Amino acid sequence: MNDLAEKLMEELDCRVAFKIGGVIPVPESAVISWVIIAVLALVSIIFVRKLKTVPTGSQCLIEIGINWLNNFFLEILGPRGKKYLPILETLIIYIGASNIVGLFGLRPPTKDLGVTATLAIIAIILIQYAGIREKGTKGWLRSFKEPMAVMLPLNILELFIKPLSLCMRLFGNVLGAFVVMELIKLVVPVGIPVVFSFYFDVFDGLIQAYVFVFLTSLFMAEAME
């Protein structure tokens with residue numbers, strides 16, 4: 001158990017990849033995020049080079065995936081949410097990719113509390129922006145008194161609670177998967193850990209990306225009402 005505690009503390013430690021000018025630290029999570037962004041950008045360029053009017057092969061799969069994402073978000077946000085599709089779809093793709101990089105021996109950026117906190121802040125800014133854009137500034141401010149004026153302090157407090165819940169849910173689930181994996185390795189060191197590692201790195205990682213953007217879009221729909 002001491003080994004588990006040490007590994008857990010190591011995972012919680014914000015690793016520094018290098019320092020700019022020997023002074024400004026650049027965390028490992030930022031470097032891996034740059035790699036993920038570069039790979040996603042390269043893949044996007046490759047797959048959209050020769051788009052056809054009648055899709056075939058990989059283009060069919062891409063269009064199926066994008067159509068599914070479009071429909072998923074539009075069912076929650078309605079027609080007014082169409083303008084927010086690019087950023088929401090970017091979020092789910094980035095978080096999903098970040099959660100599965102463990103398959104390639106890299107440390108998922110979402111294990112860094114700073115990354116999950118930043119994602120949560122982006123989400124809450126997007127939520128409030130959607131509310132202001134759809135209701136106007138006055139309507140957005142009035143919404144803090146709904147359903148009655150006595151709720152004003154709680155509604156203001158909710159501005160901080162929502163990003164905190166998004167951040168801790170994503171960070172906690174990713175870190176929890178690491179703890180479960182280490183416990184499995186202690187009990188059954190061979191064979192079974194490979195299966196569970198695949199589950200946590202792929203299935204659970206994609207589920208966490210889905211939950212994050214689902215809650216974000218749900219809060220946006222609420223802000224836009």
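For the residue classes used here, Ala, Val, Leu, Ile, Met, Phe, Trp, Tyr, Cys and Pro count as nonpolar, Asp, Glu, Lys and Arg as charged, and the others, Gly among them, as polar. The structure described is a predicted model.

A search of the whole structure finds 1 cavity of 30 Å³ or more. The volume of the largest cavity is about 40 Å³. Its lining consists of Leu-166, Arg-169, Leu-170, Gln-208, Val-211, Phe-212 and Leu-215. Two or more of these lining residues are given by each of helix H6 (152-187) and helix H7 (192-224). H7 supplies the largest share of the cavity lining, with 4 residues. By class, the lining of the largest cavity comprises 5 nonpolar residues, 1 polar and 1 charged. Because Arg counts as charged, Arg-169 is the charged residue of this lining. Gln falls among the others and is therefore classed as polar, and Gln-208 accounts for the polar residue.

Open space was considered next. The largest pocket has a volume of about 880 Å³. Its lining is made up of 27 residues, of which Leu-40, Ile-66, Leu-69, Glu-89 and Ile-93 are the closest to the centre of the pocket. H2, helix H3 (58-77), H4 and H7 are the elements that each give two or more residues to the pocket lining. The greatest contribution is that of H4, with 9 residues. The lining of the largest pocket divides into 22 nonpolar, 4 polar and 1 charged residues. Because Glu counts as charged, Glu-89 is the charged residue of the pocket lining.

Two of the helices that line the pocket, H2 and H4, also pack against each other. Helix H2 spans residues 28-47 and helix H4 residues 85-100, and the two pack at an angle of about 120°, with their axes 10 Å apart. Angles of 65 to 115 degrees count as roughly perpendicular and those over 145 as roughly antiparallel; H2 and H4 are therefore oblique to each other. The crossing of H2 past H4 is right-handed. On the H2 side, Ser-33, Ile-36 and Leu-40 make the contact, and on the H4 side Ile-93, Tyr-94, Ala-97 and Ser-98. The residues of this contact comprise 5 nonpolar and 2 polar, with no charged residue.

Conventions: Residues numbered from 1 in each chain as written. Predicted model: local features only at pLDDT ≥ 70, side-chain atom pairs only at ≥ 80, totals over all residues. Heavy atoms only, no water. Axes fitted to C-alpha atoms, helices over the stretch in contact; angles between N-to-C directions. Parallel < 35°, antiparallel > 145°, perpendicular 65-115°, else oblique. Left-handed = near helix turned anticlockwise from the far one by under 90°. Contact = heavy atoms within 4.5 Å. 1 Å grid on protein atoms, 1.4 Å probe; cavity = no way out; pocket = protein on both sides within 12 Å on 5 of 7 lines; lining within 4 Å. Points joined across faces, edges and corners; volume = space filled by probe spheres on them.
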